[in-house]
Amino acid sequence: MSTTAAEQVKGGSFLLTPIGAMPQFTAEEFGDDAKEFARAARDFIEGEVIPRDEEIDKLDLPLTIELMKKAGELGLLGLEIPEAFEGMDVDKRTAMLVLEEMSKQGSFAVSYSANTGIGTLPIVYFGTEAQKKAYLPKLATGEWLAAYALTEAGSGSDALGAKATAVLDGDHWVLNGTKMWITNAGFADVFVIFAKVDGKDFSAFIVEKTDPGLSTGAEEKKMGIKGSSTRTVILENCRIPKDRLLGEIGKGHKIAFGILNIGRFKLGVGSQGGMKRILEYTIKYTGERFQFGKPINSFGLIQQKLADMATKIFVAEALNFRTIGYLDDALHATSWDSPTAGADKMAAIDEYAIECSISKVWASEALFWVADEAVQAFGGYGFSAEYPPEKAQRDCRINRIFEGTNEINRLLIAGTLLKRAMKGELPLMQFGQQVAKEISNPIKAESFTGPLARLKHGVELSKRQCMLAAGLAVQVLGQKLIDNQEVMARMSNMLMEIYAMESAVVRAERMVESGHRWAQIARDMTELYVNESWHKVHGDARMLCADVVEGEALRHALAGVKAFTEFHPTSSARLRGRIASELIQKGCYPVEVI
């Protein structure tokens, strides 16, 4: 569902807008071209990568390079590179559908995503014409592979605290410093590296592996993603030509943070690809494992796990593709022909920083939960390295650290919303005043229509509980709120659940209204999710109030929150039973996109 520039959705406005009033792209809207790309990626992963899973995870870097170059031959490395530089310049929707398929082997997914995302896109968005001509055609075909070097021993979340330096010496920059945890460092041909010019101006540079003074350390011994290359990058009087400065001196933060936003929504989509693979082999195993004379997937608590796994996948798809739909609509309003194209496109992506962080945090935590439940469903075998859940859980643990820890992203979600409200970019205060007036006459279920009217009512009640609690925190703490991390995190948890519930409800209702083949299970999964998640917002709203006031003020605040609690759940057990039955019959996640 597209919007015009005049109608473009404001990032963060989902809290303030009635459910269903905003445009929302859903997985059911993908066209044939996007599906063809995704099928090519699926064929490649299932035919070339997954059969060599053990070899990859033994850190066979020549094999990884070979597979990456094959991906390049298929066009899978150049999807987001402009056509002028031998890429395909597909929209983000298509690229993310491909990424979901490419994320079904953990180590290779990391190598692929680091190359096509944070390794390549800084040059796409910030490179000069000469830089793009020099590097992008090679990166599009896989002739060269890329890495991104930001983190240092003393600067992780605090990226601007970097100590690496760059000094101009005639026609060359001289770089010194050490970067750590650099994905693809063992085989990358080109690095995007951040350093401070003269020790003060944070900037970005393009460095080639053959440049004098660049070396890498030994491979890190990691908990998971053991088949991906992770090394330190050492700069010892590394000399690079003057024209390898990427962007402007002192503007490296725009590149670093803008590219991290891209990495975040990519990580969200990659997580749903991982969940689908885990669910598929868990359904298979629980159908073959017998206890007490029955397959264990006939037991209620195993069915509960399967149904909840599938539900998280459905919700992840809904919120991730919703976010990417907004990004695409904003990007379509910009043009590569503009002299400020890169900056324009980064600004379009930055508009949805809140939603990008939500995709990253929600989906990475959902993936880890799904992997953990798979271990439990396999029982003792799940703890054995001979079976896939053990590796899946180790591999996916990094996702809550990648692209800014989930803690940092929680602070960004609430912090960005509040900052935009303070600047007058979001009418948060007006919505708060509206909600305060509604306490004496709360919004009723009868106000909503459509097949999922009850669930829409639940989402709107959640928005009001969140607004009351957040408004109280702003009123009591003022500017100090930004420094109260526990309160900010609780606020973000509510925002994430609201975005997730709303995204699923809108998607499922459209499926029901259109008579979609999988409308019933979509409806069941959505109802299950709202059933089980609505109370989380309610609990966080109450606890947030208790974090900022006490005594009579707290009793008054809780009474306000209670006014918006007229949501009645249905039986989750019945919903799970129906969902599990469909899963067992189909043998995989049933809501097919491609």
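Analyst: A pocket is an open set of grid points with protein on both sides within 12 Å along at least five of seven lines, and its lining residues have an atom within 4 Å of a point. The model discussed here is predicted.

User: Which residues lie nearest the centre of the second largest pocket?

Analyst: The second largest pocket holds about 670 Å³ of space. Its lining is made up of 25 residues. Those that lie nearest its centre are Gly432, Met467, Gly471, Leu472 and Gln475.

User: Which helix gives the most residues to the lining of the second largest pocket?

Analyst: At least two lining residues are supplied by each of α13 (406-422), α14 (428-438), α15 (453-477) and α18 (551-562). With seven residues, the helix that gives the most is α15.

User: How many charged residues does the lining of the second largest pocket have?

Analyst: Sorted by class, this lining has 17 nonpolar residues and eight polar ones. The number of charged residues in the lining is given as no residues.

User: What volume of space lies in the largest cavity?

Analyst: A cavity is distinct from a pocket because the probe fits there but cannot get out. The count comes to four cavities of 30 Å³ or more. For the largest cavity, the space is about 90 Å³.

User: Which element gives the most to the lining of the largest cavity?

Analyst: The lining includes Leu76, Glu80, Met96, Tyr112 and Lys266. By class, the lining residues divide into eight nonpolar, two polar and two charged. Two or more residues come from each of α4 and α5 (106-119). The element that gives the most, with three residues, is α4.

User: Is glutamate 86 buried or exposed?

Analyst: Glutamate 86 lies in the loop between α3 (61-73) and α4 (92-102). Its phi is positive, about 70°, although the residue is not a glycine. Most residues other than glycine have a negative phi. The relative accessibility of glutamate 86 is 55%, so the residue counts as exposed.

User: What is the phi of aspartate 198?

Analyst: Aspartate 198 is placed in the loop between β4 (190-197) and β5 (201-208). Its relative accessible area is 52%, which means that aspartate 198 is exposed. The residue is other than glycine, yet its phi is positive, near 55°.

User: Are the rings of tyrosine 326 and tyrosine 352 stacked or edge-to-face?

Analyst: The count of aromatic pairs comes to 19. In the pair of tyrosine 326 and tyrosine 352, the ring centres are 5.7 Å apart and the planes meet at 25°. Planes under 30 degrees apart meet the cut-off, so the pair is stacked.

User: How many residues apart are tyrosine 326 and tyrosine 352 in the chain?

Analyst: Tyrosine 326 is buried, at 4% relative accessible area, and tyrosine 352 is buried as well, at 1% relative accessibility. Tyrosine 326 belongs to helix α9 (residues 300-332), whereas tyrosine 352 is in the loop between α10 (341-350) and α11 (353-378). The pair thus links distant parts of the chain, 26 residues apart.

User: Which parts of the chain does the pair of tryptophan 362 and tyrosine 529 tie together?

Analyst: Tryptophan 362 and tyrosine 529 form an edge-to-face pair, with 6.0 Å from centre to centre and 65° between the planes. The parts that they tie together are 167 residues apart in sequence, with tryptophan 362 in helix α11 and tyrosine 529 in helix α17 (residues 519-548).

User: The charged end of which residue sits over the ring of tryptophan 369?

Analyst: The charged end of arginine 400 sits over another ring, that of phenylalanine 368, at 4.9 Å from its centre. Over the ring of tryptophan 369, at 5.0 Å from its centre, sits the charged end of lysine 312.

User: Which residue in β4 stands opposite tyrosine 148?

Analyst: On strand β1 (residues 146-149), Ala146 and Tyr148 point one way and Ala147 and Ala149 the other, and all are buried. β1 pairs with β4 in the parallel sense over four bridges. The residue in β4 that stands opposite tyrosine 148 is valine 192.

Technical notes
Residues numbered from 1 in each chain as written. Predicted model: local features only at pLDDT ≥ 70, side-chain atom pairs only at ≥ 80, totals over all residues. Heavy atoms only, no water. Buried < 20%, exposed > 50% of the residue type's maximum accessible area, 1.4 Å probe, protein only. Phe/Tyr/Trp six-rings, centres within 6.5 Å; stacked < 30°, edge-to-face > 60°. Lys NZ or Arg CZ within 6 Å of the ring centre and 35° of its normal. 1 Å grid on protein atoms, 1.4 Å probe; cavity = no way out; pocket = protein on both sides within 12 Å on 5 of 7 lines; lining within 4 Å. Points joined across faces, edges and corners; volume = space filled by probe spheres on them. Nonpolar A, V, L, I, M, F, W, Y, C, P; charged D, E, K, R; others polar. Pairing = 2+ DSSP bridges.
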